[in-house]
Amino acid sequence: MNLDIQFDTSALPRLEAMPKKLRLGLARAVSLTAQEGAADMKQELARQRIAARSTLINSVKADRVDDLTWTLGPHVSYARAVFEGRKPGAPMPPWRSILDWMKARRIGSDRRTAWAIARSIGRRGIKGRDYVTPVANRARARLAELGAAAVIEATGSCGRPCFRLWRRR
């Protein structure tokens, strides 16, 4: 049994216009997904109660690299340490940052305590907090949905199948 595939040439003008329409549609889909992903990451950080202050949450934004490429995430120096954690024996974090954290959590404002906490983190390390994977999974699903809609919009509807497939006996 063979399969014959025939292209319906009446759809040719739409297919010639498709690359521009498709690129614009996909660019919109990627842009919207990046913006929604940044908002989702802020919500995920708040949901997991990761941030003592809103500095980490407020630093999350989406940056356009080109039409089809965006990056999103926090824009503070310690975001990687929050995500990956610190291994035992690593250099201790700045005690002044710990002091700011203590003030935000209303633990106190003693420099000696902040230094002791920083030293303990340096010795024992801290566990990382994954706030990226849940956001990435939701963004991937959303981009697939918006990308499919962009393809449908770019190709249009020809009222009948543009490709015919039948069995030859």
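This is a predicted model: local features need pLDDT of at least 70, side-chain atom pairs count only at pLDDT 80 or more; totals for chains, interfaces and linings use all residues.
## A first residue

Arg138 is partly exposed, at 39% relative accessibility.

Residues are numbered from 1 along each chain as its sequence is written, and side-chain values use heavy atoms, with hydrogens and water left out.

## Overall layout

The protein has 6 helices and 6 strands. Both are DSSP runs, numbered from the N terminus: helices are H or I with at least four residues, strands are E with at least two. Along the sequence, the pattern reads β-α-α-β-β-α-β-α-α-β-α-β. Of the 169 residues in the protein, 24% are buried.

Side chains of opposite charge can pair when their charged atoms come close. A salt bridge is a side-chain nitrogen of Lys or Arg within 4 Å of a carboxyl oxygen of Asp or Glu. The whole structure holds 8 salt bridges. In one of them, Arg142 meets Glu36, at 2.8 Å from N to O. Arg142 sits in helix H6 and Glu36 in helix H1 (residues 12-47), so this pair links distant parts of the chain, 106 residues apart. Both ends are partly exposed: Arg142 has 25% relative accessibility, and Glu36 has 31%.

Arg138 and Asp40 form another salt bridge, at 2.7 Å from N to O. Arg138 lies in helix H6 and Asp40 in helix H1, so the pair ties together parts that are 98 residues apart in sequence. Asp40 is buried, with a relative accessible area of 15%. Arg138 is partly exposed.

Arg80 and Glu84 form a salt bridge, with their closest N and O atoms 3.1 Å apart. Both residues lie in helix H3. They are 4 residues apart, about one turn of the helix. Arg80 is exposed, at 59% relative accessibility. Glu84 is partly exposed, at 48%.

## The aromatic pair

A search of the whole structure finds 1 aromatic pair. Its rings belong to Phe83 and Tyr131; their centres are 5.8 Å apart and their planes are at 75°, so the pair is edge-to-face. Here is the rule: rings of Phe, Tyr and Trp (its six-membered ring) pair if their centres lie within 6.5 Å. Planes under 30 degrees apart count as stacked, over 60 as edge-to-face, and the rest as tilted.

Phe83 lies in helix H3 (residues 79-84), while Tyr131 lies in the loop between strand S5 (126-127) and helix H6 (133-155), so the pair ties together parts that are 48 residues apart in sequence. Phe83 is partly exposed, at 32% relative accessibility. Tyr131 is buried, with a relative accessible area of 2%.

## A positive patch

Arg49, Arg105, Lys127 and Arg129 gather in a patch of positive charge on the surface. Patches are made of residues with over 30% relative accessible area and no salt bridge; like charges are joined within 9 Å, and nonpolar side chains (Val, Leu, Ile, Met, Phe, Trp, Tyr) within 5 Å. Lys and Arg count as positive and Asp and Glu as negative, while His and the chain ends are not counted. The place of a charge is taken as NZ of Lys, CZ of Arg, CG of Asp or CD of Glu.

Arg129 is found in the loop between S5 and H6. Arg129 is partly exposed, with a relative accessible area of 34%.

Note on methods
Buried means under 20% relative accessible area, exposed over 50%, partly exposed in between (1.4 Å probe, protein chains only). Accessible areas come from the Shrake-Rupley method with a 1.4 Å probe; for residues, only the protein chains shown count as cover.
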